[in-house]
Amino acid sequence: MAVEAIRLEKVNVTFTQKNEKVDAVKDVTLHVEKGDIYGIVGYSGAGKSTLVRVINLLQRPTSGKVEVNGEILYKKDVSGEKIISNKKLRARRRKIGMIFQHFNLLNEQTVIQNVAFALKHSNLKEKHILEKANKLLDLVGLSDKADVYPAQLSGGQQQRVAIARSLANDPDILISDEGTSALDPKNTIQILDLLKEINEKLGLTVVLITHEMDAVKRIANKVAVMEDGRIIERGDLISIFTNAKEKLTREFLGGGSAKAIATLQEYELGKLAEDEHLVQLIYMGSKVSEPILVKLYRDFNVEANIIYSNIEVLRETPIGTLFVVLKGKEESRVKAIAYLKEQGVIIKDVKEQDVKKNG
Ligand SMILES: Nc1ncnc2c1ncn2[C@@H]1O[C@H](COP(=O)(O)OP(=O)(O)OP(=O)(O)O)[C@@H](O)[C@H]1O
């Protein structure tokens, strides 16, 4: 089996302040495979930052195991505590790049100096350090800004500098802790696309901490939802999107599903007749839904009345959601549903409790 980039096992982090205990991370097990873009979403205070700081041991867990690239960096259980040497830890940390919401650049240093700074400890000669820094600026599209100061750059450009700096030591893993949260929508998209490009070009594993599901939808292949220190739901992006179990996950998915529920509440499920059945259809790709629905009528004598429709793009794949009332004889509806399934459409029954006003 391939070695995973990150393996956290039963990690707990408890902070004690003035006799008060905060369990910031509770029994979290998380496996991130090499090459993943793993989104971790949750509201402020859910424990996301604490959890990712555990990966490079900026935060030592109260208990649990931290493994990076197959090497145990830290382990604490009933049998005791084990941590790699400080020297090794420093070396391993360099292979885990990090970017933050507020960029954390050195304001008195130029752009190129900011990037070069990350290589100060290395044995590279000044000339090679500058060569490498220039290459990285080129990669992030800022070659022409090498000699300006951070204050002269836009937020998006500053984050590009931070990304270039985070790549200086050729990391295997890049952690973005709310890296796009201070940016406007256009810069957010550009930075997310840059992270995806780096993921693809350099094979970097990316962990994306965010409270914005849109960021995850754009580039992540996997997602975990955190609440109150725990991971409450996780999976690959499309299955989470099409089959979220937790209310909080659906809340984060927001947009479409929240609007759908509001529309369905208007519709009142109680109004459905004997020969009617409300279902949710989810289909992938750009397959047009209309011809399929027309076919339901023509071939199965089942009318499909669309209550709500929406298309979202997940990692460049359009995913359509339709809430439709299927009307017809029961046996015809069964056949129609079987046909839809054959077409690769995911079908879910919509029950009254799914659209309860306070549900
Ligand atoms: N150094 C610390 N000392 C005490 N409590 C802390 C410390 N760091 C975090 N906490 C607490 O741990 C909990 C989780 O915080 P954390 O910053 O990990 O959440 P988060 O999901 O990243 O939220 P945010 O996006 O606001 O940073 C919070 O209740 C926070 O107050």
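A salt bridge is a side-chain nitrogen of Lys or Arg within 4 Å of a carboxyl oxygen of Asp or Glu. In this predicted model, glutamate 312 and lysine 217 form such a pair, with their closest N and O atoms 3.1 Å apart. Because the cut-off is 4 Å, this pair qualifies at 3.1 Å.

**Division of the chain**
- Domain 1 covers residues 1-95 + 202-253, and domain 2 covers residues 256-355.
- A distance of 36 Å separates the C-alpha centres of domain 1 and domain 2.
- Domain 1 contributes 13 residues to the contact, while domain 2 contributes ten residues.

**Buried area**
- About 1,000 Å² is buried between domain 1 and domain 2, and carbon and sulfur atoms account for 61% of it.
- On the side of domain 1, the residues that lose the most area to domain 2 are Ile238, Phe241 and Thr242, which together make up 50% of what that side buries.

**Polar links**
- The rule finds one salt bridge across the interface of domain 1 and domain 2.
- Five residue pairs, both members at pLDDT 80 or more, are in polar contact between domain 1 and domain 2.

**The side of domain 1 that touches domain 2**
- The helices α7 (213-219), α8 (237-243) and α9 (247-253) each supply at least two residues to this side.
- Helix α8 gives the most, with five residues.
- Sorted by class, this side of domain 1 has seven nonpolar, three polar and three charged residues.

Technical notes
Residues numbered from 1 in each chain as written. Predicted model: local features only at pLDDT ≥ 70, side-chain atom pairs only at ≥ 80, totals over all residues. Heavy atoms only, no water. Domains from an automatic or database assignment. Contact = heavy atoms within 4.5 Å. Buried area = accessible area lost by both parts, 1.4 Å probe. Polar contact = N/O pair within 3.5 Å; in protein donor to acceptor, adjacent residues only side chain to side chain. Helix = DSSP H or I, 4+ residues; strand = E, 2+ residues; numbered from the N terminus. Nonpolar A, V, L, I, M, F, W, Y, C, P; charged D, E, K, R; others polar.
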